[in-house]
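Hi,

Here is the structure I promised to pass on. Please open it alongside this note, and I will walk you through what turned up.

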Amino acid sequence: MQTCAKVIKCRAAVAWGPHKLSIEDVEVAPPKAHEVRVKILAAGICRTDDQVLEGEMGGISYPVILGHEGAGVVESVGEGVTNLKPGDKVIPLCIPQCGTCSSCLHPATNCCFKTHLKEPQNLMPDKTSRFTCKGLQVHHFLWNSTFSEYTVVPEDAVAKIDAAMPLDKACLFGCGFSTGYGAVVNTAKVQPDSTCAVFGLGGVGLSAVIGCKAAGASRIIAVDINQGKFEKAKQFGATECINPRDYDKPIQEVLLEMTGGEGVAYSFECIGNVDVMKAALEACHIGYGTSVIVGEAPAGAEISFSPVLLFTGRTWKGSIFGGWKSKDCVPRLVSDYMAKKFNLDGLVTHTLPFDKINEGFELLQSGQSIRCVLLF
């Protein structure tokens with residue numbers, strides 16, 4: 001391609017600090033060895049991006065190009081990249097899969113040692129950036145930075161997908177859908193005819209509802225303070241929807257009453273609120289209830305709870321990116337979607353041109369959107 005090995009000038013949404021997001025002209029350097037430059041064509045706005053803009057996420061270096069839920073086509077590849085070529089449809093991966101670390105080699109986890117949980121992903125592996133703006137270095141975000149018309153990612157953090165997959169749907173597999181759905185089918189392993197409770201009905205929470213239905217749960221209780229999301233939850237499989245603000249008692253007590261004093265078999269916290277995480281655990285069945293933390297809490301947050309909740313047999317788990325080994329599993333998830341094994345219609349409530357990204361964040365913050373997808 002004409003741009004191969006050249007610096008590309010394009011537009012990107014640069015966060016200069018908390019509450020400071022603007023579209024700027026940036027320069028994107030060519031990929032180095034074992035890197036891929038991607039032309040982004042669709043990107044979802046996720047709550048995690050909003051946490052950065054609100055100053056709630058630790059380990060962030062500014063200025064930074066956010067975005068970690070995107071899809072596009074390969075523009076060029078660096079030396080040593082053999083499994084991707086220009087024109088391939090791809091999804092950047094916020095959780096990489098190096099394939100060689102102890103986590104990648106273990107069947108029970110997807111927490112690759114190259115992920116931000118082990119080392120910062122605000123620069124490329126060689127500790128330099130491929131982005132500049134106004135003569136300044138701009139940082140990467142989770143090695144994805146999908147709020148840019150072009151981005152550069154390590155080959156360990158990009159998955160090739162079916163060429164027939166629509167990219168405005170493909171971007172959902174970069175975070176939201178994969179995270180919520182996988183927390184149910186991978187992390188919790190929900191059993192047929194069980195009772196589940198899903199706390200938070202954003203894109204991740206509704207994807208968890210989809211997973212509960214796919215797993216054969218007989219009762220799926222959706223919990224949110226925004227009743228405007230209840231109809232959507234029922235379309236995806238929720239059997240009941242409840243608003244904590246409608247009760248004069250803690251929501252975990254309401255759930256215990258709804259289940260004859262026993263509690264739910266599985267609960268999923270999809271918000272990132274430590275009080276809700278505790279409530280989700282307390283709502284679980286004594287002896288065998290499993291609660292999964294799916295939402296990411298603000299930096300420095302801690303939870304205080306009674307150890308009796310675990311001593312009496314409940315299981316508390318965390319799930320990052322739905323437990324999927326990203327490079328292996330995301331292409332399979334896309335293929336399952338193409339085979340109509342699940343339906344994502346309705347997860348995207350708003351589609352906007354890229355230059356209206358701030359409007360997209362406003363829709364998220366006001367609770368009006370489930371997922372807003374930006375088109376480039």
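First, some ground rules. This is a predicted model, in which local features need pLDDT of at least 70 and side-chain atom pairs count only at pLDDT 80 or more, while totals for chains, interfaces and linings use all residues. Residues are numbered from 1 along each chain as its sequence is written, and side-chain values use heavy atoms, with hydrogens and water left out.

**The parallel sheet**

An open sheet with parallel pairing is formed by 6 strands, in the order E13-E12-E11-E14-E15-E16. (Helices, H or I with at least four residues, and strands, E with at least two, are DSSP runs numbered from the N terminus; two strands pair if DSSP finds at least two bridges between them.) Strand E13 (240-242) and strand E16 (315-318) are at the edges with a single partner strand each, so one side of each has no neighbour in the sheet. From one strand to the next, the twist averages 15°.

Within this sheet, strand E11 (residues 195-199) and strand E14 (residues 266-269) run parallel and are joined by 4 bridges. Cys196 has Tyr266 in E14 as its bridge partner. Helix H8 (residues 274-282) packs on the sheet and touches E11, E14, E15 and E16, its direction making about 175° with that of E14. Helix H5 (residues 203-215) lies across E11, strand E12 (219-223) and E14, and runs at about 170° to E11. (Axes are lines fitted to C-alpha atoms, for helices over the stretch in contact, and angles run from 0 to 180 degrees between N-to-C directions.)

Ile293 belongs to strand E15 (residues 290-293). Its relative accessible area is 23%, so Ile293 is partly exposed. (Buried means under 20% relative accessible area, exposed over 50%, and partly exposed in between, with a 1.4 Å probe and protein chains only.) Beyond its neighbours within four places in sequence, Ile293 is in contact with Glu269, Met277, Trp316, Lys317, Gly318 and Ser319. (Contact means heavy atoms within 4.5 Å.)

**The antiparallel sheet**

Here 5 strands form an open sheet in the order E4-E1-E2-E7-E8, with antiparallel pairing. Its edge strands are strand E4 (64-65) and strand E8 (136-138), each of which pairs on one side only. Strand E2 (residues 20-28) is joined to strand E7 (residues 131-133) by 2 bridges, and Val28 stands opposite Phe131 in E7.

Ser129 sits in the loop between helix H2 (102-105) and E7, and is buried at 16% relative accessibility. Which backbone atoms does the side chain of Ser129 reach? A polar atom of that side chain lies 2.9 Å from the backbone nitrogen of Phe131, and the side chain also reaches the backbone oxygen of Val138 at 2.4 Å. (A polar contact is a pair of N or O atoms within 3.5 Å; within protein, one must be able to donate a hydrogen and the other to accept it, and residues adjacent in sequence count only if both atoms are side-chain atoms.)

**Glu35**

Glu35 is in strand E3 (residues 35-45) and counts as buried at 4% relative accessibility. Its side chain reaches the backbone nitrogen of Lys32 at 2.8 Å.

**Cysteines**

The whole structure has 0 disulfides (pairs of cysteine sulfur atoms within 2.5 Å). For Cys111, the nearest cysteine sulfur is that of Cys112, 9.2 Å away. For Cys372, the nearest is that of Cys171, 9.9 Å away. Cys372 is buried, with a relative accessible area of 1%, and Cys111 is partly exposed at 26%.

Best wishes
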